[in-house]
Amino acid sequence: MDQAVAAAVPVAAADRTPSPATAAAGQSPALPPPDAAGSTVLSGPVRLSTVPFGPAPPAAPEDARTQLTELEAFARQVAGCTRCRLHEGRTQVVFGVGDPHADLMFIGEAPGFHEDKQGYPFVGQAGKLLDKLLAGIGLERSQVYIANVIKCRPPGNRDPVPDEKEACEPYLFRQVELIRPKVIATLGNHATKQLSGKETGITRVHGQEQQIHVGSFDVLLYPLYHPAAALYTPAMLTVLEQDFARLPELLGRPVAAAEPAAPQLAAAVAAEPAVQLGLF
Ligand code: SF4
């Protein structure tokens, strides 16, 4: 492990309160209606945030069932969204997948071709690498939650543009607040910059945890290289594996106390497989 990776440099806490465009100062950001007409009609298959594989989980306590219901309801709401131009070319909204009570949440940039078709994030080669990395620390996909900053596929897998990020940001913030993970691992440059609120690139901050404030609670942000980028760069894959190996330690840390007020969220942006630029 190189020194840059081994040295987990604490970074000053960042306050990821919603952008002025999505919330008035001092207020919770009003979540936008899913479309211009405020409709909640589903536009296609809804990928709810339930565990997709394995035996049925044990009965959840009452508060956990309520949380699941809220996340499901929210997924259905977002499924009809037409807030930005990306709804025009999508097959469906790719909301997210995994354990709705996960301690570890991964956030990428945006759905790619296969994600758009199947409705799940990280289903291509990058997803397979993510599964392999998870297995390396004793976890499987059903034990974490995986989402993207942008919920609809940009044409040709291009990078999302600022107004698309701004339009979709409240959805991610709300998603994070409902799941309330202990650790958010951002995958790649876009997600890291959006969640940290800083322009520092992933090559400088990967493997360096930082405390951020997301809506009503504090959470540990842990930037990682995007698996799609690591697929093509062996040296980057080695670093990603080393950074990944620290996740169990981070998940074992005491959780920061939540603040009393409960406004709404803060957000990120993610990246996608195949040939997509901006992952570094
Ligand atoms: S990318 Fe986000 S804001 Fe744009 S249409 Fe899809 S869900 Fe709505």
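Predicted model: local features only at pLDDT ≥ 70, side-chain atom pairs only at ≥ 80, totals over all residues.
Residues are numbered from 1 along each chain as its sequence is written.

**Exercise 1. Describe the chain as a whole: how many helices and strands are there, and what percentage of the residues count as buried?**

Step 1. Helices (H or I, at least four residues) and strands (E, at least two) are taken as DSSP runs, numbered from the N terminus. The chain has 10 helices and 7 strands.

Step 2. A residue is buried if 20 or more other C-beta atoms lie within 10 Å of its own, exposed if 12 or fewer, and partly exposed in between, with C-beta atoms placed from the backbone. Of the 280 residues, 46% count as buried.

Step 3. Two residues are in contact if their C-beta atoms, placed from the backbone, lie within 7 Å. Among contacts between residues at least 6 apart in sequence, 83% join residues at least 24 apart.

**Exercise 2. Work out which strands pair with S3 and S4, and in which sense.**

Step 1. Two strands pair if DSSP finds at least two bridges between them.

Step 2. Strand S4 (residues 145-148) pairs with S2 (residues 97-98) in the antiparallel sense over 2 bridges. Here Val97 has Ile146 as its bridge partner.

Step 3. S4 also pairs with S3 (residues 104-108), in the parallel sense over 4 bridges. Gly108 is bridged to Asn148 of S4.

Step 4. S3 pairs with S5 (residues 183-187) in the parallel sense, again over 4 bridges. Phe106 has Ala185 as its partner in S5.

Step 5. Both faces of S3 are covered, with Leu104, Phe106 and Gly108 buried on one side and Met105 and Ile107 on the other. In S4, Tyr145 and Ala147 point one way and Ile146 and Asn148 the other, and all are buried.

**Exercise 3. Determine how burial is arranged in helices H9 and H6.**

Step 1. In H9 (residues 234-244), the buried residues are Met236, Val239, Leu240, Asp243 and Phe244. Seen down the helix axis, they fall within an arc of 135 degrees (from the directions of the axis to the C-beta atoms), so they line one face.

Step 2. The face turned away from that buried side carries exposed Pro234 and Ala235.

Step 3. In H6 (residues 189-196), 7 of 8 residues are buried, including His190 and Lys193. Gly197 follows H6 and has a positive phi, near 75 degrees.

**Exercise 4. Describe the shell around the ligand: which residues come nearest, and which helix gives the most?**

Step 1. A residue is near a molecule if its C-beta atom, placed from the backbone, lies within 6 Å of it. Of the 15 residues around the ligand, Cys81, Cys84, His87, Cys152 and Cys168 come nearest.

Step 2. Helix H5 (residues 162-179) gives the most, with 4 residues.

Step 3. By class, the shell has 10 nonpolar, 2 polar and 3 charged residues. Ala, Val, Leu, Ile, Met, Phe, Trp, Tyr, Cys and Pro count as nonpolar, Asp, Glu, Lys and Arg as charged, and the others, Gly among them, as polar.
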